[in-house]
Amino acid sequence: MGKYQCIECGAEVESLFHDYNTDVIKIHHCDACHSVADKYIEYEPVIIILDALLLQPQAYRHLLINTSFNSHWRLALILWICDAFTKLILERSEITGQQFTTNFEYINYAFLGMELYSNYIIAAVELFVLIGAVLVIYGTRDLFQNKTIKPFSTSLLMKAVICASFGRVLAIPALLWGDVYRHLYMILCQVFVFLSTMQALKAVDPGPHKTFFALLAVSLGFSVQLSASSYLYLWLK
Ligand SMILES: [Zn+2]
């Protein structure tokens, strides 16, 4: 796979633009589909993130392939903390039978609770299990098709899964604002992460049958994730 891709059709392109050193750039077009290779190089980051939230495959190709974004491990750390906190609040509200409030003492107490530490373990295992399942599916396919697992595709797949899981942060406002339909919001959040992970995997997959393998990998990942967290809940709680 080349360094850059056309975000419309996924074809390889040599470069995205030519810089004339006079604050003027010329955007390159794709030889395969003749559209602008990557229109997002002129867009503000917030527009790109909004398009990614709208599950536009072009936005995923731009973010994952055409940029040098390598802070996905920091993003994983933020997701890990948010996920553990979300689980704690849901658990607390179920145990007490009360709705979560923004009472300051309650929040401090929640942070001090030992349950938070077990939720950290569960959240970390869930993330690693999802990444592991995706790597197993694509690694197996690579082994059958190419007789080897490409190291660059492994790191790109991990980056895709982590970036696509950013939708889990949406659970925080759902918990803070949603009193009645909190569980419905959580389910919608999971559905969004499922779909965004599929889009991200399709964007970085150079092989055939992208939708089939993305659906297979994400379905397996979510199933194993659910089984692992159920087992850990029984073991740790
Ligand atoms: Zn193209």
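**Entry 1: a loop to start with**

I opened the notebook at His209, which sits in the loop between helix 8 and helix 9. Before going further I noted that this is a predicted model. For His209 I found a positive phi of about 55 degrees, although the residue is not a glycine. Is His209 buried or exposed? I counted 11 other C-beta atoms within 10 Å, so His209 is exposed.

I then looked up a second residue of this kind. Leu55 is not a glycine either, and its phi is positive at about 65 degrees. Leu55 belongs to the loop between helix 1 and helix 2. With 16 C-beta neighbours inside 10 Å, I put Leu55 down as partly exposed.

**Entry 2: the chain as a whole**

Next I stepped back to the overall layout. The protein chain has 9 helices and 4 strands. Reading along the sequence, I wrote down the order β-β-β-β-α-α-α-α-α-α-α-α-α. The protein chain has 237 residues, and buried ones make up 27% of them. I also looked at contacts with a separation of 6 or more: 62% of these join residues 24 or more positions apart.

How do helix 8 and helix 9 pack? I found an angle of about 135 degrees, with the axes 9 Å apart. That angle makes helix 8 oblique to helix 9. Their crossing is right-handed.

I listed the residues that make the contact. Helix 8 brings Phe194, Thr197, Met198, Leu201 and Lys202. Helix 9 brings Lys210, Thr211, Ala214, Leu215, Ala217, Val218 and Phe222. Sorted by class, the contact of helix 8 with helix 9 has 8 nonpolar, 2 polar and 2 charged residues.

While in helix 8 I also checked Leu184, which is found in that helix. Leu184 has 11 other C-beta atoms within 10 Å, so I marked it as exposed.

**Entry 3: the nonpolar cores**

The largest nonpolar core has 38 residues. Which of them touch the most other members? My list reads Leu64, Val134, Ala160, Ala200, Leu201, Val204 and Ala217. At least two residues of this core come from each of helix 2, helix 3 (72–96), helix 5 (115–146), helix 6 (151–164), helix 8 (182–204) and helix 9 (210–236). Helix 6 gives the most to this core, with 7 residues.

Apart from this core lies another one, of 5 residues, including Ala84, Phe85, Leu88 and Ile122.

I then followed the contacts of Leu201, leaving aside neighbours within four places in sequence. Leu201 is in contact with Val134, Ala160, Ala214, Ala217 and Val218.

Why do I call helix 2 (residues 57–66) largely enclosed by the rest of the structure? Because 8 of its 10 residues are buried. I wrote them out: Gln58, Ala59, Tyr60, Arg61, His62, Leu63, Leu64 and Ile65.

I took Ile65 of helix 2 for a closer look. It has 24 other C-beta atoms within 10 Å; the cut-off for a buried residue is 20 or more, so Ile65 is buried. Not counting residues up to four places away in sequence, Ile65 touches Tyr4, Gln5, Ala203 and Val204. I also noted Cys6, which is 59 residues from Ile65 along the chain, with 9.7 Å between their C-alpha atoms.

The crossing of helix 1 and helix 2 is left-handed. In this contact I found Ile48, Asp51 and Ala52 of helix 1 together with Ala59, Tyr60, His62 and Leu63 of helix 2. By class, the contact of helix 1 with helix 2 comes to 5 nonpolar, 1 polar and 1 charged residues.

Notes
Residues numbered from 1 in each chain as written. Predicted model: local features only at pLDDT ≥ 70, side-chain atom pairs only at ≥ 80, totals over all residues. Buried ≥ 20, exposed ≤ 12 C-beta atoms within 10 Å, placed from the backbone. Contact = placed C-beta atoms within 7 Å. Left-handed = near helix turned anticlockwise from the far one by under 90°. Nonpolar A, V, L, I, M, F, W, Y, C, P; charged D, E, K, R; others polar. Core = buried A, V, L, I, M, F, W, Y, C linked by C-beta atoms within 7 Å. Axes fitted to C-alpha atoms, helices over the stretch in contact; angles between N-to-C directions. Parallel < 35°, antiparallel > 145°, perpendicular 65-115°, else oblique.
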